[in-house]
Amino acid sequence: MSRVSLLALQLLVAIVGIVLWQLLSTVPVFGKILLPPFFFSNPVDVLDQIVKWFVSGVIWKHLGITLMESILAFVIGSLGGVLIGFWFARQPLVAAVFDPYVKMVNALPRVVLAPIFALWLGLGIWSKVALGVTLVFFIVFFNVYQGVKEVSRTVLDNGRMLGMSEGQLMRHVYWPSALSWMFSSLHTSVGFAVVGAVVGEYLGSAAGLGYLIQQAEGVFDVAGVFAGMFVLSAFVILIDFGVTLVERRLLVWRPTVDGRG
Amino acid sequence: MTTPTAVALEDAKVAFRLGDGRVYTAVEKAHLTVAQGEFVAIVGPTGCGKSTLLNVAAGLLKPAAGSVRIFDRPLAGLNRDAGYLFQADALFPWKTALDNVAIGLEIRGTARAEALPQAQKWLTSVGLGAFAGRYPHMLSGGQRKRVALAQVLIRDPKILLMDEPFGPLDAQTRQVMGNLLLDLWNADRKAVLFVTHDLEEAIALADRVVIMSAGPSSRIIGDWRVTLPRPRDIFEVRLDKEFHALHREIWSVLKDEVMKGYAQSTHAAEAV
């Protein structure tokens with residue numbers, strides 16, 4: 001199927017969905033409105049809300065805050081995950097000692113940490129960053145750990161026979177291998193950074209997309225909730241697109257699914 | 001012989017401790033020498049420890065008893081005079097063909113700007129001049145072997161250790177690679193220790209063919225000199241009368257070991 005007709009079909013799905021939503025929430029069927037506006041709002045109101053946010057410019061501040069929190073969470077979480085993952089993989093004793101604790105912390109649903117972080121770090125951006133970090137860290141950590149552990153024995157021996165020192169093995173073998181594993185989880189970890197930020201905002205903050213949604217919900221402004229959700233998904237899709245670009249640039253050496261670059 | 005000895009394994013014994021504490025002896029009292037400029041092939045049935053012996057010569061494994069001498073000096077740690085061509089893919093998948101070859105020099109401290117043209121030269125000499133920018137996954141199995149060969153040779157090692165390097169390739173590609181190897185080797189005649197399970201390949205390539213018995217506790221049970229004239233062409237040499245006579249003679253010894261090795265491997269599988 002050509003790109004154009006695929007795009008047309010994709011658009012069609014959106015249009016059908018929106019039209020159905022609009023009809024069912026405004027036109028009575030057998031004397032009854034199937035999607036009561038109080039619970040479901042309608043596309044026109046939602047669009048109106050979104051336009052208002054962008055025209056007045058209030059949305060930029062919230063988007064900016066959420067973006068900032070996500071980026072910080074991603075960077076700090078990844079950095080920590082790479083460093084600790086590397087350390088654990090190269091020091092099996094350390095890994096063995098900390099193993100139960102790592103599992104314990106990872107098993108914890110992160111939402112319960114939000115109040116603690118809010119208490120420790122206040123209601124500003126850092127409590128949200130911390131929540132995102134706890135999510136991103138483990139994904140990156142496990143991937144890097146795996147990546148260093150699973151370096152091909154032959155490639156390592158080859159490096160040694162070519163005369164690589166420990167430092168050179170680190171740079172030319174362990175590091176690229178670990179990075180490739182980290183990048184393979186890039187979409188997930190970036191997604192979780194945003195989740196951490198938004199959930200944190202939702203649970204207590206004064207700015208950000210999560211805050212916007214929570215505020216609307218507080219006054220039963222369903223149009224506002226939906227508008228926030230749409231802006232949020234568009235935001236995540238944009239970030240994901242950026243990640244795909246970065247990935248393509250960095251992982252050129254990796255075979256794609258069909259076996260050809 | 002007046003030429004110096006490049007590799008000397010003296011009564012080398014290799015043993016591994018198994019998971020349950022028992023000791024498994026892979027190779028028993030192997031005595032093997034490779035003179036400078038000599039091409040020696042080790043042939044043996046599957047699981048006879050021929051790769052193990054190669055790893056001992058490389059310094060990747062320490063012998064449990066006996067000694068390893070490289071150019072008359074005892075080997076401590078890795079064998080720095082040797083280049084090793086692995087059976088499995090050993091290229092760095094995140095480097096292009098060119099970078100994979102250049103790394104051999106860069107490790108040594110050669111500046112990148114200086115290493116790259118040399119790497120390009122080596123890629124050209126293995127017939128891959130036009131593939132410098134490809135990553136390993138974009139190359140065929142045979143092409144990857146060529147890159148690996150260039151990666152090893154660019155460092156100009158005095159000894160070449162090869163562990164069934166052409167094993168994973170199809171029959172025709174193996175012969176082409178064999179000829180390429182002989183051409184490159186002819187230029188400066190390094191000492192070569194070449195492990196294979198293919199007797200024909202061994203005779204076609206080597207100056208000496210060494211036969212190992214079936215494992216465990218395998219030992220060297222035969223040593224034949226191949227006097228076929230050089231330079232050789234692998235396609236041609238197989239038609240030679242002397243080749244056939246030698247093949248028949250060695251095979252009569254090797255056959256029993258192959259059957260023994262086969263029986264042992266099936267037996268071991270039953271025990272497990």
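How many residues does the contact take from chain B and from chain A?

## Model and numbering

This is a predicted model, in which local features need pLDDT of at least 70, side-chain atom pairs count only at pLDDT 80 or more, and totals for chains, interfaces and linings use all residues. Residues are numbered from 1 along each chain as its sequence is written, while chains are lettered from A and ligands numbered from 1 in the order in which they are written.

## Contact between the chains

Chain B gives 20 residues to the contact and chain A gives 18 residues; two residues are in contact if their C-beta atoms, placed from the backbone, lie within 7 Å. On the side of chain B that touches chain A there are 14 nonpolar, two polar and four charged residues. Here Ala, Val, Leu, Ile, Met, Phe, Trp, Tyr, Cys and Pro count as nonpolar, Asp, Glu, Lys and Arg as charged, and the others, Gly among them, as polar.

## Domains of chain A

An automatic or database domain assignment divides chain A into domain 1 (1–40) and domain 2 (41–250). Taken over C-alpha atoms, the centres of these two domains of chain A are 33 Å apart.

Nine residues of domain 1 of chain A are in contact with five residues of domain 2 of chain A. On the domain 1 side, helix 1 (3–26) and helix 2 (37–40) of chain A each supply at least two residues, and helix 1 of chain A gives the most, with five residues. Helices are DSSP runs (H or I, at least four residues), numbered from the N terminus. By class, this side of domain 1 of chain A has six nonpolar, three polar and no charged residues.
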